[in-house]
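Please find below a colleague's note, arranged as numbered points. The points follow the model shown here.

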Amino acid sequence: MHSQWRDCQAWSNFGLPLSTTSNEAAKMYDAVVAQYVGVYSDKSVGGIRKALGTMTDADPNFVLGSALANILSVCGTSQNANTNDDIRKSIDKMMMMMNNNNITARERLHVEAVKCFAEGDMETACSKWETILVDHPTDIVAIKLAHDGYFFTGRSEQMRDSTARVLPHWNKHMPFYGNLLGNHAFGLVETNLFKEAEDTAREGLDVNPYDAWSTHSLNHVMEYTGRHKEGIQFLNSTLGTWDKCDIFASHNYWHWAVFHIDRGEYEEALGIYDQDIAPRALKIKGMLEILDATSFLYRLELEGQNVGDRWQDIIDLCRPHVEDHVIMLNDIHVLMGCLGARHTDLTKKLMDTLREYVSQHSKQHKSGVFQDVGLPLCEAFVAADDGDYAKAVDLLHPVRYKVVNIGGSHAQRDVFNLFLIDAALKSPENRHRKLARCLLTERKAMRKNSPLTDRLIARSLALHVD
Ligand SMILES: [Fe+2]
């Protein structure tokens, strides 16, 4: 792990000068970057939040530090400047600081990108980070934020190409090289370049065995190529490394549990949920942990498993987010939590405010993915919950190839494929049962070694189809 925090001179020597004269602020900026990129909490600086506070105390006018604090706030809360007054004020303050301070062109682009991202314009934000990377390909913050922006908008090719463009400027002696390989491997696996992804992720682990992103990218390789048993063995044998990355551990545990679900090993999956996924979600209360928990429980119920009263804990985590409507991937998982807990009031509030959001913003042509795919997707989940599986299929099937635009990974979005197949199997309409068989034929072609797919095929063959 990177721990030799760089002072002002060291940042300058690295080719990324900072507009602060405070060595303490420069060092704490590095400490925050290390924890953000490495997805862990460094106790020596008190974790990310404490390091951000120390940085700001050391230099309250450190503009780039303010930009980093703002973007981490937006990414961590599922709120943005349009929905949260505190974030709006903080963004306004950052812009004033930018105008009142003499900062570099690189820092100015960072500030502008953060403002765009915080106002919901992720596309322009990514474009600004890419502009930085043309002249500064070693700016890991620009690399990582662009990567996150592409992730939240479902743009896998851009995610892959962005890291591919900067890699030749890096070497293994530079801080975060292993993390960069882990992120590049993720873009490769999300564009179905499995061999390249596996080689890159393993190289990332050679450079930095603690890199949870390299581990994560390997999980995706195992998932997409049906190597679930190998994935379980890999995570089990390397637990002592990736588990230290506490900001991301929940998601790697989620992958571990999903491997077990595919193999029909429900007790093992629930054991991981009870021991590692749920406790982390309840403690951290972050969006990623909420996504992991809700997605896990929903998948298990699609498999016909009884998850007991586990939704009741999770609903308290979802409650503050029912009116977010900032990132569609988050909205649909919060809806799963409301439906799973059978909380009709929260479900109604989420759906009413989502419909209102789409209605208001469609007039300004700004509702985009929420209108095109988010709303029909959510309406489909509500319809299925009401037992109207035919309606659920008719809502989701026409937009299934647009679901990628809500962001996330293929693995995360697979719950929507499984949902559509399940609804088609449960629909009373013959045309939907035929559709289910088509969807399963398609799934089998892509996932040859998936016991889950084979179980679904057996379900479809047991149904009468005219
Ligand atoms: Fe993942």
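1. The centres of domain 1 and domain 2, taken over C-alpha atoms, lie 35 Å apart. Domain 1 spans 1-154 and domain 2 spans 305-466, with bounds from an automatic or database domain assignment.

2. The model is predicted: local features need pLDDT of at least 70, side-chain atom pairs count only at pLDDT 80 or more, and totals for chains, interfaces and linings use all residues. Residues are numbered from 1 along each chain as its sequence is written, and side-chain values use heavy atoms, with hydrogens and water left out.

3. Contact (heavy atoms within 4.5 Å) joins 10 residues of domain 1 to 12 residues of domain 2. The two domains bury about 890 Å² between them, 56% of it on carbon and sulfur atoms; buried area is the accessible area (1.4 Å probe) that two parts lose on being put together, summed over both. Ser78, Phe151 and Phe152 supply 52% of the area that domain 1 buries against domain 2, more than any other three residues.

4. The iron ion has as protein donors the NE2 atoms of His216, His220, His251 and His255, at 2.0 to 2.2 Å; donors are N, O and S atoms within 2.8 Å of the metal (3.2 Å for Na, K and Ca), and sites may look incomplete because water is not among the atoms. Their sequence spacing is H-x3-H-x30-H-x3-H.
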